[in-house]
Amino acid sequence: MTRALVTGYATRMDRDEIMHVLRAFQTAGVEYVLIGAAAMGFHGLVRATQDLDLFIRATAENIERLRSALRAVYQGDPQISEISSDDLLGDYPAVRYYPPSGDLYLDVLTRLGEVASFETVEAEIKEIDGTQISVATPSALYRLKKGTVRLQDQADAAALRERFHLEDEE
Amino acid sequence: MPVQKFRSIEEMNKARPLNRDEANFERFLRHCAQWWAIAPKKYPRGVFKFRTIEEAQKAREKHNP
């Protein structure tokens, strides 16, 4: 496995790279929903993160589209081949991809335990620079985060509940 | 950006942001960039697999003690 160290930070470059990835997802037809801190950012709850959490539809075709999109952005990165349907549809529903450049990495998820399935996560389309981005709604994010043990998720859930006046469902 | 007025901090905290989605997303990216500049991270590059979300979160903490 190749290893490299992050050495520099260029806001514009990161922004462009993230948009390049999201645009490639649209072009390739990847079925995904942005969850996690980036999705919260869309809803105005801004906190720093290192990853883009992508909940993707768990089919071999969609995973191939994901690989294809990543290859379009990170041309020549042989690591992309390691993102496999066998893993994501099998024993490894969480795959982390650290691209060869940039400061954000991608967490690709095909299952979220018993909490939600791709089909049941409510999403809305946001448009940035002409790119359509599928983003989990505040209530979907709240449902994903409220029952978890991670402190950051609990804080996120509390912020979502307060800001969007969400209530627990029975 | 219009001015918002609140009668209490609680009311302020509950107020929805008035920014457009794009402005929110840009703010998120700027915030991340500032954080990365203040506290740079060193990651191994490549693909890593996890059996559960919790396992993935533990691996992340290893790089962010």
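Colleague: In what order do the elements of chain A run from the N terminus on?
Modeller: In this predicted model, chain A holds six helices and six strands. Read from the N terminus on, the elements of chain A follow the order α-β-α-β-α-α-β-β-β-β-α-α.

Colleague: What is the radius of gyration of chain A, and what does the globule rule give for 170 residues?
Modeller: The C-alpha trace of chain A spans about 50 × 35 × 30 Å along its principal axes. For 170 residues the globule rule gives 15 Å, and the value for chain A is close to that, so the chain is as compact as a globular protein of that length, with a radius of gyration of 16 Å.

Colleague: What percentage of the contacts in chain A with a separation of 6 or more comes from residues 24 or more positions apart?
Modeller: As for burial, 41% of the 170 residues in chain A are buried. Turning to contacts in chain A with a separation of 6 or more, the part that residues 24 or more positions apart account for is 57%.

Colleague: At roughly what angle do the axes of helix α5 and helix α6 of chain A cross, and is the crossing left-handed or right-handed?
Modeller: Two packed helices are described by the distance between their axes and the angle between them. In chain A, the axes of α5 (residues 138–146) and α6 (residues 151–163) come within 8 Å and cross at roughly 145°. The crossing of α5(A) and α6(A) is left-handed.

Colleague: Which residues of α6(A) are met by residues of α5(A), and how many in this contact are charged?
Modeller: From α5(A) come A:Pro138, A:Leu141, A:Tyr142, A:Lys145 and A:Lys146, and these meet A:Asp153, A:Asp156, A:Ala157, A:Leu160 and A:Arg161 in α6(A). By class, the contact of α5(A) with α6(A) has five nonpolar residues and no polar ones, while the number of charged residues is five.

Colleague: Which element gives the most to the side of chain B that touches chain A?
Modeller: Between the two chains, 35 residues of chain B are in contact with 42 residues of chain A. The elements giving two or more residues to this side of chain B are α1 (9–14), α2 (21–38), β1 (46–50) and α3 (53–63) of chain B. By class, the residues on that side divide into 17 nonpolar, seven polar and 11 charged. With 14 residues, the element that gives the most is α2(B).

Colleague: Which residue in β1(B) is the bridge partner of A:Val95?
Modeller: Strand β3 (residues 94–98) of chain A and β1(B) run antiparallel and are joined by five bridges. Within this pairing, the bridge partner of A:Val95 is B:Lys49.

Methods: Residues numbered from 1 in each chain as written. Chains lettered and ligands numbered in written order. Predicted model: local features only at pLDDT ≥ 70, side-chain atom pairs only at ≥ 80, totals over all residues. Helix = DSSP H or I, 4+ residues; strand = E, 2+ residues; numbered from the N terminus. Rg over C-alpha atoms; globule rule 2.2 N^0.38 Å. Buried ≥ 20, exposed ≤ 12 C-beta atoms within 10 Å, placed from the backbone. Contact = placed C-beta atoms within 7 Å. Axes fitted to C-alpha atoms, helices over the stretch in contact; angles between N-to-C directions. Left-handed = near helix turned anticlockwise from the far one by under 90°. Nonpolar A, V, L, I, M, F, W, Y, C, P; charged D, E, K, R; others polar. Pairing = 2+ DSSP bridges.
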